[in-house]
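Hi everyone, thanks for making time. Have a look at the sequence and the structure on the screen, and then I'll walk you through a few features.

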Amino acid sequence: PVRMAKKTLEEARRLNLNPVAVAVVDLAGDIVVQKREDNVGGRLIGPNAVAKAISCTHLHASTRALKDKYAESRPTQLASMSAIGQHASGMPLAPFPGGVLLRETPGGSVVGAIGVSGASADEDEHCALAGARAVGFTTEPEESVIDLDRYWPEAWYMAEGVAAGEDQKRENRLVPNRPASVEELEALGINYWNVPPDDWQHLYPPISVPWDPQEAKDPKLVEIREERGYSYADIITVHPDHLPEFDKKVASFFTEHIHDAEEIRYIIDGSGYFDVRDFDDKWIRIWIKKGDLMTLPEGIYHRFTCDTDNFIHAMRLFKGEPVWTPFNRPQEDHESRLKYLMFSGNLQYATRS
């Protein structure tokens with residue numbers, strides 16, 4: 001149960017959701033584990049997570065099923081059931097998603113439930129499902145309803161003049177913080193998919209150069225690879241134990257450059273930063289984490305660094321034969337740079353760079 005609660009909180013952080021609370025209860029509705037983020041808002045968040053979990057064990061159903069069955073069509077019956085639940089357990093029923101029923105096996109005995117509160121109801125439910133599945137439980141409901149590809153990594157405008165070395169690994173936000181929106185990132189030509197690797201992570205070695213992308217088993221990764229024509233892949237781990245001259249290499253990654261092809265990175269584990277220039281020549285820092293698959297367009301000025309955890313396990317994908325040559329700034333007359341500016345409708349930017 002502790003690991004399930006931990007994985008639930010990790011999923012909320014991975015998706016940059018509002019801080020959440022999680023409660024795991026046994027079949028009798030007694031609390032086994034209760035955790036919350038330090039900055040969770042409001043006194044009702046924790047009790048609401050408990051109420052969702054207990055509601056599942058009372059009725060042997062998820063709180064989504066409770067909502068669908070009673071909330072609109074039978075509100076009087078729901079009120080009566082809630083009053084009975086309040087008397088029996090001290091908690092009213094919670095008729096909104098976020099409570100997930102747990103079974104040992106498909107169709108097997110109910111063993112308890114997990115409840116989450118703090119984000120939207122659908123997001124609460126998604127996090128509860130992620131936590132439960134991480135430890136092998138069969139769940140009701142079976143699937144999350146959220147579209148993970150809508151949950152882009154957190155991004156913000158960063159300070160200028162950050163030095164290579166330890167400083168490059170810090171967040172380096174402006175004061176006050178200035179977030180960069182998904183719309184701003186899309187306008188720069190960046191693409192994003194959320195591909196949680198947990199079910200397949202054991203199949204990816206720490207290092208494999210090359211790695212046959214045909215070996216990918218994750219159906220979503222296979223779909224992206226086939227749709228976009230990625231024929232080459234390799235797998236690398238940026239960590240002192242796996243990358244010779246770690247400090248020197250990481251500092252070199254921080255040099256501003258372009259590539260003459262699209263850059264594709266799938267984060268299997270760990271985290272780091274892509275920094276990209278906007279059309280006003282300002283740096284935007286994108287915090288990529290486990291499960292993020294991102295492409296940077298050919299010709300965009302960018303750089304990369306791990307964060308203060310000094311660990312990122314990533315897959316690099318490529319169309320055709322891989323060419324990793326960086327072209328360090330300035331590259332205003334480079335064909336790929338001009339192509340990027342023409343694509344974006346910002347050719348005038350070249351005259352200011």
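Let's begin with a cysteine: Cys 127 is buried, with a relative accessibility of 0%, where buried means under 20% relative accessible area with a 1.4 Å probe and protein chains only. A quick word on the model: it is predicted, so local features need pLDDT of at least 70 and side-chain atom pairs pLDDT 80 or more, while totals for chains, interfaces and linings use all residues. Residues are numbered from 1 along each chain as its sequence is written, and side-chain values use heavy atoms, without hydrogens or water.

Back to Cys 127: which cysteine sulfur is closest to its own? That of Cys 56, but at 15 Å it is too far for a bond. Cys 56 is buried too, with a relative accessible area of 0%. The disulfide count is zero, taking a disulfide as a pair of cysteine sulfur atoms within 2.5 Å.

Now the sheet. Five strands form an open sheet in the order S2-S1-S4-S3-S5, with antiparallel pairing. Strands here are DSSP runs of E, at least two residues, numbered from the N terminus, and two strands pair if DSSP finds at least two bridges between them. S2 (31-36) and S5 (138-140) are at the edges with a single partner strand each, so one side of each has no neighbour in the sheet. Further in, S3 (residues 99-103) and S4 (residues 110-117) run antiparallel, joined by five bridges. Arg 103 stands opposite Val 110 in S4.

That's my tour, so over to you!

How values were computed: Buried < 20%, exposed > 50% of the residue type's maximum accessible area, 1.4 Å probe, protein only. Helix = DSSP H or I, 4+ residues; strand = E, 2+ residues; numbered from the N terminus.
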